[in-house]
Amino acid sequence: QVELAESGGGSVEAGGSLKLSCTYSSRFYSRLCLGWFRQAPGQEREGVAVIDSSGRSVYSDSVKGRFTISRDNAENTLYLQMSDLNPEDTAMYYCAADTPHLAISLVLERGGRDLGYWGQGTQVTVSS
């Protein structure tokens with residue numbers, strides 16, 4: 001019922017910034033939980049940030065203070081502002097959505113496995 005599409009990925013030098021966007025659509029209104037998740041080669045998928053319909057958000061410890069998740073409900077767009085990037089941030093970044101009926105902290109912790117709708121991903125590469 002939900003389609004998502006990420007954009008904004010690319011290559012950046014360490015210390016730089018990048019902003020990702022994710023547009024989403026749904027046939028019917030739903031209180032969507034939205035999130036950003038990333039996966040590097042050889043690594044498990046990791047929750048980056050999750051935001052609920054009211055704007056409450058949670059972050060992975062590794063990105064706190066550097067990344068900011070936000071959403072524009074009127075435009076059906078999710079954002080991830082990334083600052084002070086480092087090579088450890090290199091990964092494929094995915095946005096996802098669903099109505100999991102779980103605390104967003106748990107959605108984050110479980111790597112988005114409870115979310116049923118996913119975008120194709122956008123690659124972020126940070127060079128040193």
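Which cysteine does a disulfide join to Cys22? The close-ups below come from a predicted model.

**View 1. A disulfide joins Cys22 to Cys95.** The S to S distance is 2.0 Å. A search of the whole structure finds one disulfide. This pair links distant parts of the chain, 73 residues apart. Cys22 belongs to strand β3 (residues 18-26), and Cys95 belongs to strand β9 (residues 91-98). The torsion about the S-S bond is about 65°, so the disulfide is right-handed. Cys22 and Cys95 are both buried.

**View 2. Cys33 is in no disulfide.** The nearest cysteine sulfur is that of Cys95, 12 Å away. Is Cys33 buried or exposed? Cys33 has 5% relative accessibility, so this residue counts as buried.

**View 3. Four strands form an open sheet.** The order is β1-β3-β8-β7, and the pairing is antiparallel. Which strands stand at the edges? They are β1 (2-7) and β7 (67-72). Each has a single partner strand, so one side of each is left without a neighbour in the sheet. On average, neighbouring strands of this sheet are turned by 15° against each other, direction ignored.

**View 4. Strands β7 and β8 pair in the antiparallel sense.** Six bridges connect β7 with β8 (residues 77-82). Ser70 stands opposite Tyr79 in β8. The ring of Tyr79 also has a charge over it: the charged end of Lys19 sits 4.6 Å from the ring centre.

**View 5. Phe37 and Trp118 form a tilted ring pair.** A pair of aromatic rings is described by the distance of the centres and the angle of the planes. For Phe37 and Trp118, the centres are 5.2 Å apart and the planes are at 50°, so the pair is tilted. The two residues link distant parts of the chain, 81 residues apart. Phe37 lies in strand β4 (residues 33-39), while Trp118 lies in strand β10 (residues 117-118). Phe37 counts as buried, at 0% relative accessibility. Trp118 is partly exposed, with a relative accessible area of 25%.

**View 6. Tyr94 and Trp118 form an edge-to-face ring pair.** Their ring centres lie 6.3 Å apart and their planes are at 75°, so the pair is edge-to-face. Tyr94 is in strand β9 and Trp118 in strand β10, so this pair ties together parts that are 24 residues apart in sequence. The count of aromatic pairs comes to two. Ring pairs link Phe37, Tyr94 and Trp118 into a cluster.

Methods. Residues are numbered from 1 along each chain as its sequence is written. This is a predicted model: local features need pLDDT of at least 70, side-chain atom pairs count only at pLDDT 80 or more; totals for chains, interfaces and linings use all residues. Side-chain values use heavy atoms; hydrogens and water are left out. A disulfide is a pair of cysteine sulfur atoms within 2.5 Å. Buried means under 20% relative accessible area, exposed over 50%, partly exposed in between (1.4 Å probe, protein chains only). Two strands pair if DSSP finds at least two bridges between them. Axes are lines fitted to C-alpha atoms, for helices over the stretch in contact, and angles run from 0 to 180 degrees between N-to-C directions. Rings of Phe, Tyr and Trp (its six-membered ring) pair if their centres lie within 6.5 Å; planes under 30 degrees apart count as stacked, over 60 as edge-to-face and the rest as tilted. A charge sits over a ring if NZ of Lys or CZ of Arg is within 6 Å of the ring centre and within 35 degrees of the ring normal.
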